Amino acid sequence: WQDGRILPDHVHAAAVVELIHLATLVHDDVLDGAALRHQLPTVGRKYGAPVAVLLGDALLTQALKIASEFMSIEVCRAMALATRRVCAGEIHQTLERGNPRFSVNEYFEVISMKTGELFAMSCLLGARVAGHPEEYVDAASRFGLQLGIAYQLFDDMADFCGDEGQIGKTLGTDLASGKFTLPLLLLIERLPENEAAELRRDVLAGLANVKDLASRMSQHGVLASVRERFETELSAGEKALVQWDGLPATARLLELAAYVRAQVARLLG
């Protein structure tokens, strides 16, 4: 409720979001050929891609079942719209795999749809179930979108300079599958043209080395620039809530921002 209490509908809405999230992770691991998730073998690695795809579908349908049990259709509508955008973002990114001319603007469009939308839906549903006014629901949704974008930036940095033991999943899968994320895009921008062309060829041929790229990113200030963009996105989310500073819900949302900021600090020092 608006006084900060967690209602049963909050738990049910959270279950809807997490089931959708789990479904996307199961499907992503198939698309990326990932072997590790939460320091355990992925479903695809343990049981095969067909089982993993079907499990992801089952998780999505269970989310739909729970959403349909709300008195209002709002949860179902929000879930459907968000899931459609998440899938559209994944399709866009999949079609652009191996495209050496994939742009920074396209990258942010994709992560806004893939990750930002899921975070936005989480915050929107939490605020709406609590009975907050529509202005606050909109602000919470904007915060969630920016938080999701910032989190994806952290995740993409971790893919190059993280530790699998700490992160708990297979790293380097984006590079191996030909995805051009922001760290790689910025590195290509900063290399001499001949080196940039060679790097594009190596990525497309599956010859690029994560450790080598991490070293070159450090030399060219790439990770510092990604971290700066991370902070810009996260700060924009925090600013969306300024008008409602002092509300219990706002304090909880800002705790999430602080947590992600701490993860980046731990990753980059």
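The crossing of α9 and α11 is left-handed. By that I mean the near helix is turned anticlockwise from the far one by less than a right angle; clockwise would be right-handed. This is a predicted model, in which local features need pLDDT of at least 70, side-chain atom pairs count only at pLDDT 80 or more, and totals for chains, interfaces and linings use all residues. Residues are numbered from 1 along each chain as its sequence is written, and side-chain values use heavy atoms, with hydrogens and water left out.

Back to that pair. Helix α9 covers residues 182-190 and helix α11 covers residues 210-219. Helices here are DSSP runs of H or I with at least four residues, strands are runs of E with at least two, and both are numbered from the N terminus. The axes of α9 and α11 come within 10 Å and cross at roughly 60 degrees. Axes are lines fitted to C-alpha atoms, for helices over the stretch in contact, and angles run from 0 to 180 degrees between N-to-C directions. So α9 and α11 are oblique to each other. Under 35 degrees counts as roughly parallel, over 145 as roughly antiparallel, 65 to 115 as roughly perpendicular, and the rest as oblique.

Which residues meet? Pro183, Leu184 and Leu187 in α9 meet Leu213, Arg216 and Met217 in α11. Contact means heavy atoms within 4.5 Å. By class, that is five nonpolar, no polar and one charged. Ala, Val, Leu, Ile, Met, Phe, Trp, Tyr, Cys and Pro count as nonpolar; Asp, Glu, Lys and Arg as charged; the others, Gly among them, as polar.

Next pair. Helix α3 (49-68) and helix α4 (74-95) pack at about 155 degrees, with axes 8 Å apart. That makes α3 roughly antiparallel to α4. This crossing is right-handed. From α3 come Leu60, Ala63, Leu64, Ala67 and Ser68; from α4 come Val75, Cys76, Met79 and Thr83. The classes are seven nonpolar, two polar and no charged.

Third pair. Helix α12 (222-239) and helix α13 (248-268) have axes that come within 11 Å and cross at roughly 175 degrees. That makes α12 roughly antiparallel to α13. The contact residues include Phe230 and Glu231 of α12, and Val260 and Arg261 of α13. This contact has nine nonpolar, one polar and four charged residues.

On a 1 Å grid over the protein atoms alone, a cavity is a set of points where a 1.4 Å probe fits but cannot get out; a pocket is an open set with protein on both sides within 12 Å along at least five of seven lines; lining residues have an atom within 4 Å of a point. Grid points are joined across faces, edges and corners, and a volume is the space filled by probe spheres set on the points.

The second largest pocket is about 220 Å³. Its lining includes Leu22, Asp29, Arg37 and Gly44. Helix α1 gives the largest share, four residues. The lining is six nonpolar, three polar and two charged.

How many cavities of 30 Å³ or more are there? The whole structure has one. The largest cavity is lined by Gln93, Glu96, Arg97, Phe102, Lys179 and Phe180. That is two nonpolar, one polar and three charged.
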